[in-house]
Amino acid sequence: MTNQILVLSVFVVASCGLAYELIAGALSSYLLGDSILQFSTIIGCYLFAMGVGAHLSKYVKEEDVLSRFVDIELAVGLIGGVSAALLFLTFSWMAGPFRTLLYVLVFMIGALVGMEVPLVMRALNARQTAFNELVSRVLTFDYLGALAVSLLFPLVLAPHLGLTRTGFLFGILNVGVGLWTIYHFRAELKNVVGRLLRASFVMCLLVIGFAMSDRLVYWGEHGLFGDQIVFSTTTPYQRLVITRWKDDLRLYINGNLQFSSRDEYRYHEALVHPAMESLPWARSVLILGGGDGLALREVLRYKNIQHVTLVDIDPEMTGAFTRRDELVKLNHGALKDPRVRVINADAAIWLQNNDTMFDAAIIDFPDPSSFALGKLYSVPFYGTLKKHIAVNGLIVVQSTSPFFAPHAYWSIDATLREVGMRTYPYHAYVPSFGEWGFVLASPQQDYKPPTQYRLPMRFLNADTTREMFTFPPDMQRIKVEPNRLNTQSLVHYFEHDWRQVIR
């Protein structure tokens with residue numbers, strides 16, 4: 001029976017160890033971007049620390065193996081359990097030490113986790129377990145625990161519990177292993193009462209943290225955004241936060257501002273109308289991204305449009321902007337319009353599996369801050385998109401800032417030209433963002449910017465449109481590489497450009 005308890009402990013501690021690693025990687029990707037860099041460095045640091053821990057385990061005396069195993073479970077449970085909350089609050093209130101704290105925590109957790117399995121194997125060996133059986137059973141349950149968490153984390157834990165509450169949950173499990181080890185091996189342990197009191201104290205802290213997770217996240221996001229948070233949720237794809245200050249609603253995705261209701265009309269008029277005004281014959285429009293329905297609102301102003309297909313990967317995004325009164329008011333109920341078909345799917349996969357043709361396409365993805373987003377700005381993606389657009393149709397792509405991120409901006413233009421499209425880059429000033437860029441493209445049509453608009457506009461007229469398609473000397477075209485899928489140069493350009501701007 002004691003052997004089975006120890007082997008089962010391996011399953012739990014392996015699950016917890018991988019969970020802390022995934023939480024650190026996901027949280028740093030959300031907050032810092034570049035998911036490949038974050039996960040690679042965190043995995044490397046964690047595995048190195050596990051090796052250090054495994055080495056240090058040899059200094060534990062045989063008679064202290066179970067006692068030290070309990071102590072390690074309590075330490076891992078406490079440090080790992082609070083890690084997500086501590087990191088998030090640190091980033092929100094004093095971002096400077098975040099990276100240092102991140103890798104210190106990852107190293108500490110990795111070193112402690114690295115000691116667990118060697119100590120369990122020594123405990124089993126002391127009970128005359130055959131060596132071949134000992135190794136096979138311990139490693140089997142170790143890998144099974146890792147498999148369980150690798151499946152549960154993206155499908156259940158992160159989207160439904162959130163990173164902070166998930167951290168506390170696995171901390172509770174670690175302390176639970178310590179408590180049942182104290183109970184079942186109390187006759188072999190030193191200072192049982194002291195360890196039981198410490199375990200109970202840590203368990204209480206973690207349970208309180210689990211119960212207060214939403215409040216901790218609220219405090220952190222309040223410090224990060226400053227304004228009242230009216231809606232927030234973590235989905236399998238991103239963290240969505242909507243804030244309000246007086247009459248200003250703002251949407252943030254993974255901490256990055258997507259719009260301010262005070263000036264979003266400038267962005268969305270610039271995104272939509274230079275293309276739509278030039279296509280009075282258009283009947284069908286494809287919108288990729290834009291789950292807030294604001295670009296859709298502008299498209300639906302044209303009475304000639306009969307069908308709009310909007311593809312956004314996140315149902316929580318489109319759901320919030322369909323149901324919440326203040327958001328429906330902002331997009332004029334566009335997502336409920338009978339002419340609109342909303343599809344929650346990966347845009348790249350949807351395009352590959354669909355053969356519908358459109359007269360125009362509005363591409364309103366978040367900036368290419370990660371490789372997952374970078375693929376949506378790549379040569380293969382634009383090549384597939386081109387097949388869905390009428391010969392005389394138009395495509396317009398939001399393309400980050402030509403002033404703050406010139407290499408990234410002109411890389412998007414170069415990528416569209418790489419698949420044989422004619423491009424017409426332009427830019428507009430949006431106070432919340434600064435100078436922002438777009439690229440209009442067509443498979444064949446020669447394009448001339450509108451000199452007038454059929455619909456009333458708050459921002460656009462003949463003069464502002466002419467200025468948008470003129471680039472001053474400090475925003476001229478520069479020579480850059482198109483964004484190929486195997487190298488994703490755009491993501492590197494984007495990170496390099498914004499790193500020069502953001503303090």
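Is strand β10 (residues 422–430) mostly covered or mostly uncovered, and how many of its nine residues are buried? Strand β10 is mostly covered, with seven of the nine residues buried; here buried means under 20% relative accessible area, exposed means over 50%, and partly exposed lies in between, with a 1.4 Å probe and protein chains only. The model is a predicted one, in which local features need pLDDT of at least 70 and side-chain atom pairs count only at pLDDT 80 or more, while totals for chains, interfaces and linings use all residues. Residues are numbered from 1 along each chain as its sequence is written, and side-chain values use heavy atoms, leaving out hydrogens and water.

Strand β11 (residues 434–442) runs antiparallel to β10, and nine bridges join the two; strands are counted as paired if DSSP finds at least two bridges between them. Three residues separate β10 from β11, and the two strands form a hairpin. Within this pairing, Y426 stands opposite F438 in β11. Helices (H or I, at least four residues) and strands (E, at least two) are DSSP runs, numbered from the N terminus.

K246, found in the loop between β2 (239–245) and β3 (248–253), has a positive phi of about 55 degrees although it is not a glycine. K246 counts as exposed because its relative accessibility is 62%. H332 lies in the loop between α11 (325–331) and β7 (340–343). The phi of H332 is also positive, near 60 degrees, in a residue other than glycine. With 63% relative accessibility, H332 counts as exposed.
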